[in-house]
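Please read this briefing alongside the sequence and the 3D view.

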Amino acid sequence: MKPARAAHARRRPVRRLFALAALLACAACAPALRAPRPLPVKPSATPTTPESADALLANAAERFAARHDPSAAAQAQDLFLAAANADGARIEGLVGVVRVASWRIEHSRDAVERARLLAVELDAAQWCGRRAAALARNAPASECDYWLAIALGQQAREHPSTAVDALERMVGALRRAAEAQPALENGGPDRVLALVLLRAPGWPAGPGDAEEGLTAARRAVALAPGHPPNQLALAEALARNGAMEASRAAATTGRDLALASPDPDAGDWVTDADALLRNAVER
């Protein structure tokens, strides 16, 4: 046997093992998405017409600003849903539904409530993409991609059997959003992409790639260096790549920025920074 053929033959069992591993890993795989249900319509004290959409969105944003009050977060979600139903030619209400549902999932300890919110979140994210496609407006489509990726990440965590499909869809959606609208959510597409690449299993089981995750985190920081979560994503990426001193510096910067931020979620960011700094010390 010629050397090249011998080398190829030696690689075949390895490839087969990888293929077998992928098949075994996917034995219990489930699709991450199903066809979205129609948006629910809740009774409203005010008429829901296209003319009322702006007022509904403004009220929803006001309630979401007070989101650490559980009743305010729920009210914000209902108002965003009303805005989505009021004007079928806009996506802002749908984006708001996903944003609020995502936040509520992260702050709920009730598995039944998280499951209910996740179903609403995935439906709204998919309707957002369908509306944007129908309207042929590329920038809003990237916003829908971004929030769909967020929803898919929570779906993968809550239902691990969907993770293989969810991760593939997430990476594709985030890459599209990063290309079309990189500054969205303060560099959100690259920030979330970085975290996916850092935390997902690597090839052949998943898209994980610590080096590429670091590159994406650096892009997010370049876009919005003053946004604390970008610095925290960079700190995590640097740690995964063995740059512990630089990781501690980024985590400290993120913590300082969070302490100075008026954002309602600043306390969560400080907690995340503290965890990164503790991990850095333990290493």
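This is a predicted model: local features need pLDDT of at least 70, side-chain atom pairs count only at pLDDT 80 or more; totals for chains, interfaces and linings use all residues.

Residues are numbered from 1 along each chain as its sequence is written, and side-chain values use heavy atoms, with hydrogens and water left out.

**Overall make-up**

- The protein has 12 helices and 0 strands; helices (H or I, at least four residues) and strands (E, at least two) are DSSP runs, numbered from the N terminus.
- Of the 283 residues in the protein, 43% are buried; buried means under 20% relative accessible area, exposed means over 50%, and partly exposed is in between (1.4 Å probe, protein chains only).
- Contact means heavy atoms within 4.5 Å. Among contacts between residues at least 6 apart in sequence, 63% join residues at least 24 apart.

**Aromatic pairs**

- Searching the whole structure gives 2 aromatic pairs. Rings of Phe, Tyr and Trp (its six-membered ring) pair if their centres lie within 6.5 Å; planes under 30 degrees apart count as stacked, over 60 as edge-to-face and the rest as tilted.
- Phe-64 and Trp-103 make an edge-to-face pair, with 6.5 Å centre to centre and 90° between the planes.
- Phe-64 lies in helix H2 (residues 53–65) and Trp-103 in helix H4 (residues 92–106), so this pair ties together parts that are 39 residues apart in sequence.
- Phe-64 is buried, at 10% relative accessible area, and Trp-103 is buried too, at 12% relative accessibility.
- Tyr-146 and Trp-147 also form an edge-to-face pair, at 5.1 Å centre to centre and 80° between the planes.
- Tyr-146 is buried with a relative accessible area of 4%, and Trp-147 is buried with 7%.

**Charges over rings**

- A charge sits over a ring if NZ of Lys or CZ of Arg is within 6 Å of the ring centre and within 35 degrees of the ring normal.
- Arg-67 lies over the face of Phe-64, 4.2 Å from the ring centre.
- Arg-130 lies over the face of Trp-127, at 5.1 Å from the ring centre.

**The disulfide**

- The whole structure contains 1 disulfide, a disulfide being a pair of cysteine sulfur atoms within 2.5 Å.
- Cys-128 is joined to Cys-144, with an S to S distance of 2.0 Å.
- The link of Cys-128 and Cys-144 is left-handed, with -65° about the S-S bond.
- Cys-128 is in helix H5 (residues 111–135) and Cys-144 is in helix H6, 16 residues apart, and the pair links distant parts of the chain.
- Both ends are buried: Cys-128 has 2% relative accessibility, and Cys-144 has a relative accessible area of 3%.

**Two loop residues**

- His-227 is found in the loop between helix H9 (210–223) and helix H10 (228–240).
- With a relative accessible area of 15%, His-227 is buried.
- Not counting residues up to four places away in sequence, His-227 touches Asn-186, Arg-191 and Trp-269.
- Ser-161 is in the loop between helix H6 (138–158) and helix H7 (163–180).
- Ser-161 counts as partly exposed, at 33% relative accessibility.
- Ser-161 and Ala-32 are 129 residues apart along the chain, and their C-alpha atoms are separated by 8.5 Å.

**Cavity and pocket**

- On a 1 Å grid over the protein atoms alone, a cavity is a set of points where a 1.4 Å probe fits but cannot get out, and a pocket is an open set with protein on both sides within 12 Å along at least five of seven lines; lining residues have an atom within 4 Å of a point.
- Grid points are joined across faces, edges and corners, and a volume is the space filled by probe spheres set on the points.
- The structure holds 1 cavity of 30 Å³ or more, and the largest cavity has a volume of about 40 Å³.
- Residues lining the largest cavity include Ala-53, Leu-57, Asp-87 and Arg-90.
- The largest pocket has a volume of about 1,500 Å³. Of the 39 residues lining the largest pocket, Glu-106, Ile-150, Arg-191, Val-192 and Leu-195 are the closest to its centre.
- H6 gives the most to the lining of the largest pocket, with 8 residues.
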